[in-house]
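Here is a note for a colleague who is starting to read this structure. Please keep the view open while going through the points.

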Amino acid sequence: MLRYISFLCFVLFINASTVSAQLLEPENLNQFSSNQLKKLGTAAMEIGDWYSAVGYWKKYTEKKPKDFVGFNELGHAHRAARNFKAAEATFQTAYELNKE
């Protein structure tokens, strides 16, 4: 029984560390151009990797703060990652940039 509990704790620890690692933003995103970030964000969304897509689109919008399409895509990535408050704020930014 003790062996079973130890194994279960080990699995939970590994699982928790994996999830927190996925939520961290990679530090090496500065090396990519805005066009590369856009392609990476689109590819991540196509395969359903929403947390990576958020990271790519967030860095893209930092480099291109006037591009409403980037904010729109970031909003979709936040929504798919179930971060609804961030999605709402990001969609609002996209709307403000493209009021015409």
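**Notes on helix packing**

1. H2 and H3 are roughly antiparallel to each other, because the angle between them, about 155°, falls in the range over 145 degrees that counts as roughly antiparallel. Their axes lie 8 Å apart, and the crossing is left-handed. On the H2 side the contact is made by Ser34, Leu37, Lys38, Leu40, Gly41, Thr42, Ala44 and Met45. On the H3 side it is made by Trp50, Ser52, Ala53, Tyr56, Trp57, Lys59, Tyr60 and Lys63. Please note that this is a predicted model.

2. For orientation, the protein has 5 helices and 0 strands. Along the sequence the pattern reads α-α-α-α-α. Of the 100 residues, 26% are buried. The protein exposes about 7,300 Å², and carbon and sulfur atoms supply 58% of that area. Among contacts between residues at least 6 apart in sequence, 42% join residues at least 24 apart.

3. H3 and H4 come next. These helices pack at an angle of about 155°, with their axes 9 Å apart. That angle makes H3 roughly antiparallel to H4. H3 passes H4 in a left-handed crossing. From H3, the residues in contact are Trp50, Ala53, Val54, Trp57, Lys58, Tyr60 and Thr61. They meet Gly70, Phe71, Glu73, Leu74, Ala77, His78 and Ala80 in H4.

4. H4 and H5 pack at an angle of about 165°, and their axes are 8 Å apart. The two helices are therefore roughly antiparallel. Their crossing is left-handed. H4 contributes Phe68, Phe71, Asn72, Leu74, Gly75, His76, His78 and Arg79 to the contact. H5 contributes Phe84, Ala86, Ala87, Thr90, Phe91, Thr93, Ala94 and Leu97.

5. Which residues form the largest nonpolar core? There are 11 of them: Leu29, Leu37, Ala44, Met45, Ala53, Val54, Tyr56, Trp57, Tyr60, Leu74 and Ala77. Helix H2 (34-46), helix H3 (50-63) and helix H4 (68-80) each supply at least two residues of this core. H3 gives the largest share, 5 residues. As background, nonpolar side chains in soluble globular proteins tend to be buried together.

6. Leaving out residues up to four places away in sequence, Ala53 touches Gly41, Ala44, Met45 and Ala77. Of these partners, Gly41, Ala44 and Met45 are among the H2 residues that meet H3, while Ala77 is among the H4 residues that meet H3.

7. Is Ser34 buried or exposed? Ser34 is in helix H2. Its relative accessible area is 19%, so it counts as buried, the cut-off being under 20%. Beyond the residues up to four places away in sequence, Ser34 touches Tyr60, Lys63 and Lys64. Tyr60 and Lys63 are among the H3 residues in the contact with H2.

8. Two residues of H5 can be read side by side. Ala87 is found in helix H5 and is buried, at 4% relative accessibility. Ala87 touches Gly75, His78 and Arg79, not counting residues up to four places away in sequence. From Ala87 to Phe71 the C-alpha distance is 9.4 Å, and the two are 16 residues apart in sequence. Leu97 is also in helix H5, but it is partly exposed, with a relative accessible area of 27%. Leaving aside neighbours within four places in sequence, Leu97 is in contact with Pro65, Lys66, Asp67, Phe68 and Phe71. The C-alpha atoms of Leu97 and Asp67 are separated by 7.4 Å, although these residues are 30 apart along the chain.

9. Where is Arg82? Arg82 is in the loop between H4 and H5. At 64% relative accessibility it counts as exposed. The phi of Arg82 is near 65°, a positive value in a residue other than glycine. For comparison, most residues other than glycine have a negative phi.

Notes:
Residues are numbered from 1 along each chain as its sequence is written. This is a predicted model: local features need pLDDT of at least 70, side-chain atom pairs count only at pLDDT 80 or more; totals for chains, interfaces and linings use all residues. Side-chain values use heavy atoms; hydrogens and water are left out. Helices (H or I, at least four residues) and strands (E, at least two) are DSSP runs, numbered from the N terminus. Buried means under 20% relative accessible area, exposed over 50%, partly exposed in between (1.4 Å probe, protein chains only). Contact means heavy atoms within 4.5 Å. Accessible areas come from the Shrake-Rupley method with a 1.4 Å probe; for residues, only the protein chains shown count as cover. A nonpolar core is a set of buried Ala, Val, Leu, Ile, Met, Phe, Trp, Tyr and Cys residues joined through side-chain atoms within 4.5 Å. Axes are lines fitted to C-alpha atoms, for helices over the stretch in contact, and angles run from 0 to 180 degrees between N-to-C directions. Angles under 35 degrees count as roughly parallel, over 145 as roughly antiparallel, 65 to 115 as roughly perpendicular and the rest as oblique. A crossing is left-handed if the near helix is turned anticlockwise from the far one by less than a right angle, and right-handed if clockwise.
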